[in-house]
Amino acid sequence: MRLVVGRIGRAHGVRGDVAVDVRTDDPAARFADGSVLATDPAEAGPLTVVSTRRHSGRLLVRFEGVADRDAAEGLRGTALLVDSEDIPPLEDPDEFHDHELIGLAAVTTGAEPVGTVADVLHHAQDLLVVTTPDGAEVYVPFVAALVPEVDVAGGRIVIDPPPGLLDLAD
């Protein structure tokens, strides 16, 4: 699975630097010198990171072969991607990457099927977006009290919903 780790914004300066909207929790690893990133659209890459620096709170990146402002502007809007298999698992057994959760079957503590995890939203509270078999979406706060078990290897999560949580899809 390909994961978006950034999106190229506008050019910065005249030597080919671009501002990158970071979409990863580990920009130092994803944008390390020499890192090769796939792109969407594919014909824009792959891109190899030559250097990075911070400027006014933004990450500025220079890519190999992008030597001037015009070339940098041509990359604007390009998504930067990595393969999920290249991301090491987290050491904390209670933390998960979003891509590990998406696609898991959701069942209740009584083993009743609820649906499939379609997305993970990160707002004030992390939310699992579960798509039910009839296509409705249920938002489940991703907290231990409501999601007591996550079995990535087994392909499922267990939800202990309070009354009414799963009725919201009706």
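In this predicted model, Glu73 is partly exposed, with a relative accessible area of 29%. Its salt-bridge partner is Arg76, with the closest N and O atoms 3.7 Å apart. Arg76 is also partly exposed, at 47%. Five salt bridges occur in the structure. Asp21 and Arg23 form one of them, with a closest N to O separation of 2.8 Å. Asp21 has 40% relative accessibility and counts as partly exposed. Arg23 is partly exposed at 42%.

A further salt bridge joins the side chains of Arg62 and Asp17, at 2.6 Å from N to O. This pair links distant parts of the chain, 45 residues apart. Arg62 lies in strand 5 (residues 58-63), Asp17 in strand 2 (residues 17-22). Asp17 counts as buried because its relative accessibility is 5%, under the 20% cut-off. Arg62, at 26%, is partly exposed. Salt bridges with shared partners connect Asp17, Arg53 and Arg62 in one network.

Strand 3 (residues 36-40) and strand 4 (residues 47-55) run antiparallel and are joined by two bridges. Leu37 has Leu47 as its bridge partner in strand 4.

Another six strands form an open sheet with mixed pairing, in the order 10-9-8-7-12-11. Its twist averages 35° from one strand to the next. Strand 10 (137-141) and strand 11 (149-151) each have a single partner strand, so one side of each lacks a neighbour in the sheet. Strand 11 pairs with strand 12 (residues 156-159) over three bridges, in the antiparallel sense. Here Glu149 stands opposite Val158 of strand 12.

Conventions: Residues are numbered from 1 along each chain as its sequence is written. This is a predicted model: local features need pLDDT of at least 70, side-chain atom pairs count only at pLDDT 80 or more; totals for chains, interfaces and linings use all residues. Side-chain values use heavy atoms; hydrogens and water are left out. Two strands pair if DSSP finds at least two bridges between them. Helices (H or I, at least four residues) and strands (E, at least two) are DSSP runs, numbered from the N terminus. Axes are lines fitted to C-alpha atoms, for helices over the stretch in contact, and angles run from 0 to 180 degrees between N-to-C directions. A salt bridge is a side-chain nitrogen of Lys or Arg within 4 Å of a carboxyl oxygen of Asp or Glu. Buried means under 20% relative accessible area, exposed over 50%, partly exposed in between (1.4 Å probe, protein chains only).
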